[in-house]
Amino acid sequence: MDEAAADFLAQKRIAVAGVARPGGETSANGIYRRLRQRGYQVFAVNPKADEVEGDRCYPNLSAVPDGVDAVVIATAPEAAEEVMAECAAIGVKRVWIHRGPGAGSYDEAAVALGRKWGIRVIPGGCPLMYGPASDGGHRLMRRIFSIRRLRSASVVAWASRSRR
């Protein structure tokens with residue numbers, strides 16, 4: 001995941017799908033703000049908003065002038081597949097499907113569609129857990145998730161050995 005995250009964060013033009021309208025707040029808004037603060041050229045995407053965080057908001061990825069290099073999907077899970085299909089249609093090759101402690105935006109059909117179309121999909125976690133976009137709290141979450149994955153892998157390995 002570290003290599004995929006580094007590749008994603010090496011891109012300069014990143015769209016964040018799922019930012020909330022003024023008066024609302026989602027994880028997408030936090031991702032959008034942090035990437036902007038860190039010098040990325042970010043584009044807010046929400047079909048129901050004209051402006052987000054004081055910046056122009058685009059109704060879809062196709063409306064972003066000159067396209068984007070990467071997309072963070074931080075929508076409701078049921079919208080993720082549609083956003084992924086648009087990524088495929090406009091040639092986006094890097095997509096991060098946001099997922100925090102809960103379900104986040106994760107949708108198995110969106111992941112499968114992205115991979116079918118040759119998109120490098122990061123199916124979980126948050127770009128704020130890595131590299132130049134990270135902060136102490138997100139780096140701690142990354143460590144916790146890494147420990148959980150190691151434990152899960154150890155349990156699976158143990159279970160497969162004990163069946164022999």
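Hi all, this is a short walk through one protein chain, from its overall layout to a few single residues.

First, the ground rules. This is a predicted model, where local features need pLDDT of at least 70, side-chain atom pairs count only at pLDDT 80 or more, and totals for chains, interfaces and linings use all residues. Residues are numbered from 1 along each chain as its sequence is written, and side-chain values use heavy atoms, with hydrogens and water left out.

So, the layout. The chain has five helices and seven strands; these are DSSP runs numbered from the N terminus, H or I of at least four residues for helices and E of at least two for strands. Going along the sequence, you read α-β-α-β-β-β-β-α-β-α-β-α. Of the 164 residues, 41% are buried, where buried means under 20% relative accessible area, exposed over 50%, and partly exposed in between, using a 1.4 Å probe on protein chains only.

Now the inside. What is in the largest nonpolar core? There are 26 residues, and among those with the most contacts inside it are Phe8, Val16, Ile31 and Val72. By nonpolar core I mean buried Ala, Val, Leu, Ile, Met, Phe, Trp, Tyr and Cys residues joined through side-chain atoms within 4.5 Å. The elements giving two or more residues to this core are α1 (2-9), β1 (13-17), α2 (27-37), β2 (41-45) and β5 (70-73). There's also a second, separate core of 22 residues, including Leu61, Met84, Val92 and Val111.

Take a look at Val16. Leaving aside neighbours within four places in sequence, Val16 is in contact (heavy atoms within 4.5 Å) with residues including Ala28, Ile31, Leu35, Phe43 and Val72. Ala28, Ile31 and Leu35 are also among the buried residues of α2. The buried residues of that helix pack against α1, β1, β2, β3 (51-52), β4 (55-58) and β5.

Gly39 is in the loop between α2 and β2, and counts as exposed at 58% relative accessibility.

Two other residues have positive phi without being glycine. Glu53 has about 55°, lies in the loop between β3 and β4, and is partly exposed at 27%. Asp66 is near 65°, in the loop between β4 and β5, and is exposed at 77%.

On to the aromatics. Which residues form one aromatic cluster? They are Phe8, Trp96 and Tyr130. Rings of Phe, Tyr and Trp (its six-membered ring) pair if their centres lie within 6.5 Å; planes under 30 degrees apart are stacked, over 60 edge-to-face, and the rest tilted. That rule gives three aromatic pairs. Trp96 and Tyr130 make a tilted one, at 5.7 Å centre to centre and 55° between the planes. Trp96 is in strand β6 (residues 94-97) and Tyr130 in the loop between β7 (120-123) and α5 (136-162), so this pair ties together parts 34 residues apart in sequence. Both residues are buried.

Last, how far apart in sequence are the contacts in general? Among contacts with a separation of 6 or more, 65% come from residues 24 or more positions apart.
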